Amino acid sequence: MSHVNQHISQLREDFMKSELSENGIQKSPDLQFEQWMKNAVESKVNEFQAFNLCTVSKEHKPSSRIVYLREFGDNLFYFYTNYNSKKAIEISLNKNVCLTFFWPELERQIRIEGTIEFAEKEKSDAYFNHRPLESRIGAWSSPQSNPIKDRNALEQLVEENTEKFKDQHIERPEFWGGYKITAHYYEFWQGRKSRLHDRIAFTLENNNWKIERLAP
Ligand SMILES: Cc1cc2nc3c(=O)[nH]c(=O)nc-3n(C[C@H](O)[C@H](O)[C@H](O)COP(=O)(O)O)c2cc1C
């Protein structure tokens, strides 16, 4: 066994920081999400707005990657990306997605399941227009998820677009914008001692949130 394999097979760390109970949890998951988000901001959790987004292909093959949450509220979650990317192609064929946040500093995980659609065009425009110049040019220049010849080819596209858009307003490309996820399931996970973690799930049933504790 390699040194690293031996190391990870023997690693045992207890989670001791906090607990989550049916009494302490908010009655609606978007409020609970907001509260944990606030805790993450206050605790300066590294990359707290990054989440793992899982999509599923037409052939039922899942794929996942990290993206940044840019807005949330009322059980809606927004992120921005390229509409020709691998994730976008999968989304166009299957609207079911799931999101996972992991905040080691707080020993917390949040899992969310929902359905996805394009964000409102005005929202995508507003978000794009507030991005730094380099990011706007980057969006125009990257054929995200497609093979490219080499690093140079990408840098050349950036150079060409920098020249093309010099002293001009840069419109949001049609192929770039936001997605909006509507959540119908949440699970809040708080690490506890001896792997006896707290897990509280909210499932939307007939417009009501059913709350259940799950075994760790
Ligand atoms: C911390 C972090 C944040 C990221 N945020 C985004 C994002 O907001 N939007 C995005 O398109 N890609 C983001 N990426 C890159 C994606 O993980 C991924 O490489 C890219 O979206 C292409 O994914 P796809 O080929 O599955 O479509 C981020 C990566 C990391 C590590």
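This is a predicted model: local features need pLDDT of at least 70, side-chain atom pairs count only at pLDDT 80 or more; totals for chains, interfaces and linings use all residues.
**Strand pairing**

- Strand β5, which covers residues 96-103, and strand β6, which covers residues 108-118, run antiparallel and are joined by eight bridges.
- The hairpin formed by β5 and β6 has four residues between its strands, and within this hairpin E107 takes a positive phi near 55°.
- Strand β6 is also joined to strand β7, residues 176-190, by eleven bridges, and these two strands again run antiparallel.
- Along the pairing with β7, the bridge partner of I116 is I181, while I112 stands opposite Y186.
- Strand β7 is likewise joined to β4 by seven bridges in an antiparallel arrangement, and here Y80 stands opposite G178 of β7.
- A further antiparallel pairing links β7 to strand β8, residues 198-205, over six bridges, with F188 standing opposite I200 in β8.
- As background to such pairings, side chains in a regular strand alternate between the two faces of the sheet.

**Surroundings of the ligand**

- The ligand has 16 residues around it, and those that come nearest are T81, S85, K86, K87 and S145.
- The elements that each give two or more residues to this shell are β2 (62-68), β4 (76-82) and α3 (86-93).
- Strand β2 gives the most to the shell, with five residues, whereas β4, also named among the contributing elements, is the strand that pairs with β7 over seven bridges.
- By class, the residues of the shell around the ligand comprise six nonpolar, six polar and four charged.

**Packing of two helices**

- Two packed helices are described by the angle between their axes together with the distance between those axes.
- Helix α5, residues 133-141, packs against helix α6, residues 151-164, at an angle of about 120°, and their axes are 9 Å apart.
- The crossing in which α5 passes α6 is right-handed.
- On the α5 side the contact is made by I137, G138, W140 and S141, which meet L154, L157, V158, N161 and T162 in α6.
- This contact of α5 with α6 has five nonpolar and four polar residues, and no charged residues.

**Residues with a positive phi**

- Most residues other than glycine have a negative phi, which gives the background for the cases that follow.
- K44, although it is not a glycine, has a positive phi of about 50°, and its place is in the loop between α2 (29-42) and β1 (50-56).
- Is K44 buried or exposed? K44 counts as exposed because it has 8 C-beta neighbours inside 10 Å, and the cut-off for an exposed residue is 12 or fewer.
- N207, another residue other than glycine, has a positive phi near 70°, and N207 lies in the loop between β8 and β9 (208-213).
- With 5 other C-beta atoms within 10 Å, N207 is exposed as well.
- E107, in the hairpin of β5 and β6, also takes a positive phi, near 55°.

Conventions: Residues are numbered from 1 along each chain as its sequence is written. A residue is near a molecule or strand if its C-beta atom, placed from the backbone, lies within 6 Å of it. Ala, Val, Leu, Ile, Met, Phe, Trp, Tyr, Cys and Pro count as nonpolar, Asp, Glu, Lys and Arg as charged, and the others, Gly among them, as polar. Two strands pair if DSSP finds at least two bridges between them. Axes are lines fitted to C-alpha atoms, for helices over the stretch in contact, and angles run from 0 to 180 degrees between N-to-C directions. A crossing is left-handed if the near helix is turned anticlockwise from the far one by less than a right angle, and right-handed if clockwise. Two residues are in contact if their C-beta atoms, placed from the backbone, lie within 7 Å. A residue is buried if 20 or more other C-beta atoms lie within 10 Å of its own, exposed if 12 or fewer, and partly exposed in between; C-beta atoms are placed from the backbone.
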